[in-house]
Amino acid sequence: MPTPPSHALRRAGTKPHSPARLTACILAVLLAPLAAAQRHNGLSSPPTAPPPPKGLAGKAIVPVSTGMGALQFASVNYGVPAPQSLTRQLEADDDRTRAAALSAIGSPAQYLGRGHTPYPHSIQLSFVALGLTDELDAILTVELDQHIVSAVLMPHGDSWARIATLTYATSFANPSTTPATFLRIARSLMQHERYRAVYRATTVAANGDLTENEAHLRILNNKAVILISFASSARVCSNPKRPGCDITHRWLQPDPVDPSQHFFLVTANGHLSPHEAADPLASDTTFQQSHLHTFTCQPFNYSDTTERYEPTANPGPCTASAPQPPTPPAAPHEPVH
């Protein structure tokens, strides 16, 4: 008697499997969720992209130079008398009045102790538009025995506030450092109707090598901001493998294509032979500039987030910028003013 079809199917379904077949089935069940996770159907993660080749990885953008050297910067918000009153108080005969004025501009503590308070050797007061308002800000620079102190003052209605102090430790006996060499007022690179304060401080090593640092300051959002700082000049004469002096000069200049947002920090390098380094004119800036041979440029943009000039690429050769594209002519039906 033949076996019914249903009974044959039941007997076939209960047939034991081989170990190899059972192992394959188990692996298929375990790997199924992983395969499904690789499919991007809106409910799962997309497939992981392969890592980029090592040769295509971009280099980190690093400023060619930064730091303020011997220049010390302190940002504060401290109410003070008017700049003209501070100037008179700094020259007062009373020690306590002079000490109070020195404290108001942020002088070092060594000038504020009890006893005889020194008189300033020179006082320089400048009124310039460092900020964005229509009022003029003030910079009061005082030359003391061992320091030059420059206070940045901002008007608040009928009162004034000191918002920053820049201090440079230098002796009055050093004839190369004065308020005029320490502070320079220049036009703003972003807004030509405004100004910026450019500070310079020089550090001289025991072997004669020197480095000059430069810092550019403006008032933004009612606070003093260092827009950029870099080593603007350096002279190294202590390299035994290369007699003479290696010289470096740096300066910030606008990009002719977009002078209000794009800038270049230019680095120029040169060398003075031992005979040239011994020339009395070797310390003159014009003499050194005539011996500069290698030039590199690093592009910078002003960042609204950091309120500083930030590098957009690594230093490279200085090339001429692309010319400004011509302005398209107005439509015929529009009047040209």
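Cys245 is buried, at 6% relative accessibility. Buried here means under 20% relative accessible area, exposed means over 50%, and partly exposed is in between, with a 1.4 Å probe and protein chains only. Cys237 has a relative accessible area of 30%, so Cys237 is partly exposed.

A word on the source: this is a predicted model, where local features need pLDDT of at least 70, side-chain atom pairs count only at pLDDT 80 or more, and totals for chains, interfaces and linings use all residues. Residues are numbered from 1 along each chain as its sequence is written, and side-chain values use heavy atoms, with hydrogens and water left out.

Back to the cysteines. Cys237 and Cys245 form a disulfide with the sulfur atoms 1.9 Å apart; the term stands for a pair of cysteine sulfur atoms within 2.5 Å. The torsion about their S-S bond is about 110°, so this disulfide is right-handed.

How many disulfides does a search of the whole structure find? It finds 2.

The other pair to show is Cys297 and Cys318, linked with an S to S distance of 2.0 Å. Their link has 105° about the S-S bond and is right-handed. Cys297 sits in strand S12, residues 292-303, and Cys318 in the segment after strand S14, 316-317, so the pair ties together parts 21 residues apart in sequence. Strands are DSSP runs of E, at least two residues, numbered from the N terminus. Cys297 is buried at 11% relative accessibility, while Cys318 is partly exposed at 34%.

Counting bonded cysteines along the chain, the pattern is 1-2, 3-4.

Definitions and conventions:
Helix = DSSP H or I, 4+ residues; strand = E, 2+ residues; numbered from the N terminus.
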